[in-house]
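Open the model in your viewer and follow the stops below. Each one says what to select and what is there.

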Amino acid sequence: MDLINNLSLGFGVAFTVQNLIYAFIGCLLGTLIGVLPGIGPVATIAMLLPATYALPPVAALIMLAGIYYGAQYGGSTTAILVNLPGESSSVVTVIDGYQMARRGRAGPALAAAGMGSFFAGCVGTLILAAFAAPLTEVAFKFGPAEYFSLMILGLIGAVVLASGSLLKAIAMIVLGLLLGLIGTDVNSGVARFSFDIPELTDGIGFIVIAMGVFGYGEIISNLSVKEEHREVFTGKVTHLYPSAEDFKRMTPAVLRGTAIGSLLGILPGGGALLAAFAAYTIEKKTKLKPGEVPFGKGNIRGVAAPESANNAGSQTSFIPLLTLGIPPNAVMALMVGAMTIHNIQPGPQVMTSNPELFWGLIASMWIGNLMLVILNLPLIGLWIKLLTVPYRWLFPAIVLFCAIGVYSTNNNTFDIWMVAIFGVIGYLFIKLGAEPAPLLLGFILGPMMEENLRRALLLSRGDWSVFVTRPLSASLLAAAALLLVIVLTPAIKSKREEAFVED
Amino acid sequence: MRIKSQKDFFSGLMFTAVGAAFAVGATSYTIGNGARMGPGYFPLLLGILLAILGAVVMFKALVVETADGDKIGAFAWKPLFFIIASNVLFGILLGGLPSIGLPAMGLIAGIFGLTFVASLAGERFHFKEVLILSVILSIGSYLAFIVLLKLQFPVWPTFITG
């Protein structure tokens with residue numbers, strides 16, 4: 001049995017007392033830093049990377065895995081508690097997670113995120129160990145046309161994320177795509193829409209938009225309501241942990257999220273992110289049980305599914321990294337950087353030339369995941385306490401952390417001016433009833449979409465039919481069209497509106 | 001013609017205006033053709049698409065009846081101004097404004113400035129309370145960002161540190 005052999009080899013390397021301590025320290029540091037708004041996993045790993053230089057390779061990778069999981073979970077914590085997505089994949093968690101927190105159910109939300117992630121991480125590890133080699137074949141079948149079609153599917157899926165008008169959601173996606181194009185065009189080197197401002201040639205940062213639109217916009221909107229009417233956190237905190245009913249509801253969601261995440265994570269380039277969106281979309285399509293809270297109002301499935309998908313996706317995203325040698329996201333790119341510092345060449349050869357390290361890394365990711373649950377379930381009580389801090393003390397602190405966060409990404413005050421502009425825009429969006437979540441997704445996918453559209457049409461010599469003649473691409477587009485038809489069909493449309501009636 | 005949904009009408013207007021602006025801006029770059037796209041191709045395509053979507057949203061806002069007219073409501077100028085101003089003040093104090101010769105005052109001054117101005121956005125303002133909050137945030141940020149994470153921030157005014 002390859003699977004057992006490989007895993008036991010990995011755990012043999014990784015499972016020492018010393019390594020477990022490193023995993024714990026990494027996880028603790030990652031959580032504490034990741035919980036600060038504006039500082040996502042990438043920034044956290046980048047800050048803490050030098051701390052691992054002196055360690056032996058396996059210990060360093062284990063500590064990094066701990067930091068990674070800690071930071072990611074810390075990011076989800078901020079998303080749920082203060083409505084700030086610290087990284088792209090928690091954009092979806094914000095939608096229902098924050099609503100749960102407002103209703104006094106922050107504890108179950110945090111627990112659902114943690115447990116879902118852990119389960120998904122376990123499954124992801126097993127899949128990685130069992131199918132690493134054969135799954136590579138799937139990734140090879142994806143050409144630029146397939147990627148473009150996949151992104152269309154992802155964006156159409158995002159439309160169902162918005163609770164308001166469909167048309168406005170689509171327009172917000174397109175607006176996001178356009179914002180994503182600001183900056184230097186990789187093919188021609190032309191700085192687009194940069195108005196000769198040198199800082200704009202690098203494009204607008206994700207953090208800047210997320211902090212401005214979600215953070216400042218929300219704070220201004222909260223403050224505009226008189227203090228006695230303000231419903232920042234209405235419900236009393238009733239339970240710290242999910243009830244039996246919560247478990248019953250979140251279990252299928254976790255299973256679905258894990259399956260989607262494992263599948264989409266294999267695709268290089270934003271697999272985990274698309275997985276989170278896809279998982280949420282699917283949860284929203286399933287029927288609500290009687291007495292269940294609608295989506296967008298604090299449904300626990302809306303937290304459990306994307307968090308599981310995201311985590312399963314980040315496990316299986318090792319497959320493109322190790323087989324094609326390309327890091328699927330910024331976090332993995334940093335991991336590659338850490339590996340090269342320790343004289344490990346990432347790529348297909350790692351599995352054969354350095355099996356202890358490869359499987360040790362897989363095992364250490366799992367250990368990092370485990371540490372996370374051990375560390376964070378008891379911490380939930382502490383995070384909840386944060387919500388009892390009066391809002392008039394909390395909001396200046398959030399504004400401060402946002403400002404420090406955006407400044408620290410580039411050490412440039414220009415980002416602080418930009419976040420001010422996006423704060424105003426964010427408030428305008430709230431006033432106009434235009435939802436920002438689809439905009440953010442479009443913003444992230446914009447450059448990737450253009451790149452793949454260009455490549456696909458370059459290969460087909462300008463023939464647009466390439467998207468429907470390639471079977472994989474055609475079926476992805478068909479799925480997107482089907483999704484759109486389902487949403488537009490009157491019967492379902494009325495149900496969709498019903499699900500979003502204000503209470 | 002009466003606007004049936006104010007929110008939708010003005011968001012449609014925003015989409016059309018922004019889309020048109022992007023499309024017009026895109027024409028100043030090479031457009032190219034499908035097989036060899038220039039830097040202007042994709043933005044032009046999306047800009048036109050956004051302008052059309054905005055127009056449809058506006059049209060619907062004029063035609064489809066809504067219960068209460070979907071009013072945008074009054075803008076909360078006070079929190080809007082103070083939150084944004086506190087953020088800008090933080091940037092100015094932290095990094096200075098070389099263009100008008102303002103020296104950098106550093107992180108601590110920035111935190112005090114931000115906390116005081118941001119607190120004005122709330123309904124009540126207690127000087128003592130805000131002062132305590134500023135001190136706590138300063139100490140906390142100093143320990144977390146400067147001591148622990150070793151971020152490269154100017155902490156004190158440049159005329160003191162030199």
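How many residues does the contact take from chain B and from chain A? It takes 57 from chain B and 55 from chain A, where two residues are in contact if their C-beta atoms, placed from the backbone, lie within 7 Å.

This is a predicted model: local features need pLDDT of at least 70, side-chain atom pairs count only at pLDDT 80 or more, and totals for chains, interfaces and linings use all residues. Residues are numbered from 1 along each chain as its sequence is written, while chains are lettered from A and ligands numbered from 1 in the order in which they are written.

**Stop 1: the side of chain B that touches chain A.** Select helix 3 (77–95) of chain B. It gives the largest share of this side, 11 residues. Helices here are DSSP runs of H or I, at least four residues, and strands are runs of E, at least two; both are numbered from the N terminus. By class, this side has 36 nonpolar, 16 polar and 5 charged residues. Nonpolar means Ala, Val, Leu, Ile, Met, Phe, Trp, Tyr, Cys and Pro; charged means Asp, Glu, Lys and Arg; the others, Gly among them, are polar.

**Stop 2: the whole of chain B.** Show chain B: 6 helices and 0 strands. Its C-alpha atoms fill a box of roughly 60 × 50 × 30 Å, taken along the principal axes.

**Stop 3: a helix pair in chain A.** Select residues 206–223 and 391–410 of chain A, which are helix 9 and helix 17. Among the residues that meet are Met211(A) and Tyr216(A) in helix 9, and Phe395(A) and Cys402(A) in helix 17. By class, this contact has 10 nonpolar, 3 polar and no charged residues.

Methods: Axes are lines fitted to C-alpha atoms, for helices over the stretch in contact, and angles run from 0 to 180 degrees between N-to-C directions.
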